[in-house]
Structure formats: structure tokens, C-alpha cells
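Let's walk through this one together, starting with the overall fold and ending at a cavity. Have the viewer open as you read.

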Amino acid sequence: MAFDERTEELAVKAAQGDQSALNELLRRIEPDVLRHAARFLPCRQDAEEACQDALLQVARNIHRFEGRSRFSTWLHVVVANSARSTYRSLKRRSVEQAGELPQQRPDPRRTSVIAGSRVDILDAMEDLEARKPDLIQALVLRDISQLEYAEIAEQLGLPLGTVKSRIHEARKQVRQTLGESYG
């Protein structure tokens, strides 16, 4: 998500408490937020849920945006966290409903390979977060949000070498979790 200067200005004004700037900002960023959430979540409804959550988080927490980095960089973190939170919530609901419904396996002829791989990757990332939480944020910002290493270092307040090391280790861990079929 790269925004024009007007969007960046709106974010600064919104962070300073300008309600009309916040309203315009939310309207402008919604399509990009939805597109970004869809990178994480294979179903459109799920991506829309994550998008709405992310927009709500922006509205509630815009005062925390300090302008040290670009708004788009700050927003990447918000959207990534919202998408991962939505995924965890969906997974919990699925487990709860499994007790009420007969166990159904998806029909491989009707399930997208891409959607299935994304779910596998999300599961692997969730596993990594549980085992090594310090690695996940850098991985998400690089491989999902596609930020540059320097932007990630700035966003996380870490040296560039540490960011690169964490991303390398996180990728290695995710590959191990996914196994041979994703080699």
C-alpha cells in the first residue's frame, strides 16, 4: 500500500484529532485495506471482515500514529494484525461449530489450490507465532505486506541486520512446518 501525499497528510491531521480528515482517510484507504486483507484470507467475506476490523482499529488508534514513518507503513501493521486476528477467530469458530456439525472434508475438486495453500501458510505462521513470537512480525511485513527491509527495521525499531536475520529464521521455520510438499 503506497499512498499519495494527500493521504499521508490526512493521516497526520486525523492523528491530531481532525474528525473530517479521519472520515476522508477511512474512505480513501478502504479499497487498499480490503485488497491487502485478501492477501491473507482466501474468502472474500473473511477479507471484508478483516478490512472492517482494520478500519475500526485505524479510527480508534489513529492518535497513536506519530508520523515517524509513513502512514502506509503503520497501516500495514494494522491490516496484518487484523487479518491474522480474523483468521484466528474464524479458526476458533470452526472448531466450536465442529462439535455441532458432522465433520466435513472440503471437496478437492471444488477447493482452490491457492486458497488451500494460503490456509496452510496461515496455520504455519500461527504455529511460528506461538513458538517464536519475535519472528512473526518481521516475516509478515516482508512476505505478506511486501515492505522493504529498511521500512521494517524502522517500523519495528530494530537494526537492519536483526530484521534480515529474523526474516531468514522465520522463513526457515515456516518451511519446516509446511514440510516437503511446499519445497
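First, some ground rules. This is a predicted model, in which local features need pLDDT of at least 70 and side-chain atom pairs count only at pLDDT 80 or more, while totals for chains, interfaces and linings use all residues. Residues are numbered from 1 along each chain as its sequence is written, and side-chain values use heavy atoms, with hydrogens and water left out.

The protein has 8 helices and 0 strands, where helices (H or I, at least four residues) and strands (E, at least two) are DSSP runs numbered from the N terminus. Read from the N terminus, the elements go α-α-α-α-α-α-α-α. Of its 183 residues, 37% count as buried; that means under 20% relative accessible area, with exposed being over 50% and partly exposed in between (1.4 Å probe, protein chains only).

Now look at helix H2, residues 19–40. Its 22 residues reach 30 Å from first C-alpha to last, close to the 32 Å expected at 1.5 Å a residue (that expected span is 1.5 Å times one less than the number of residues). H2 also bends by about 45° at isoleucine 29, with proline 31 following within four residues; the bend is the angle between axes fitted to the seven residues ending there and the seven starting there. Isoleucine 29 is among the buried residues of H2, which also include Leu22, Leu25, Leu26, Val33 and Phe40. An α-helix has 3.6 residues a turn, so residues three or four places apart point the same way.

Valine 78 sits in helix H4 and is buried, with a relative accessible area of 14%. C-alpha to C-alpha, valine 78 is 9.6 Å from valine 33, though they are 45 residues apart in sequence. Over in helix H6 (residues 133–144) there is alanine 138, which at 1% relative accessibility counts as buried.

Last stop: the cavity. On a 1 Å grid over the protein atoms alone, a cavity is a set of points where a 1.4 Å probe fits but cannot get out, and lining residues have an atom within 4 Å of a point. Arg84, Tyr87, Arg88, Leu122, Met125, Glu126 and Glu129 line the largest cavity. Helix H4 (71–98) and helix H5 (113–131) are the elements giving two or more residues to that lining, and H5 supplies the largest share, 4 residues. Where does the largest cavity lie? It lies between domain 1 (1–105) and domain 2 (107–182), because both give residues to its lining; these bounds come from an automatic or database domain assignment.

Conventions:
1 Å grid on protein atoms, 1.4 Å probe; cavity = no way out; pocket = protein on both sides within 12 Å on 5 of 7 lines; lining within 4 Å.
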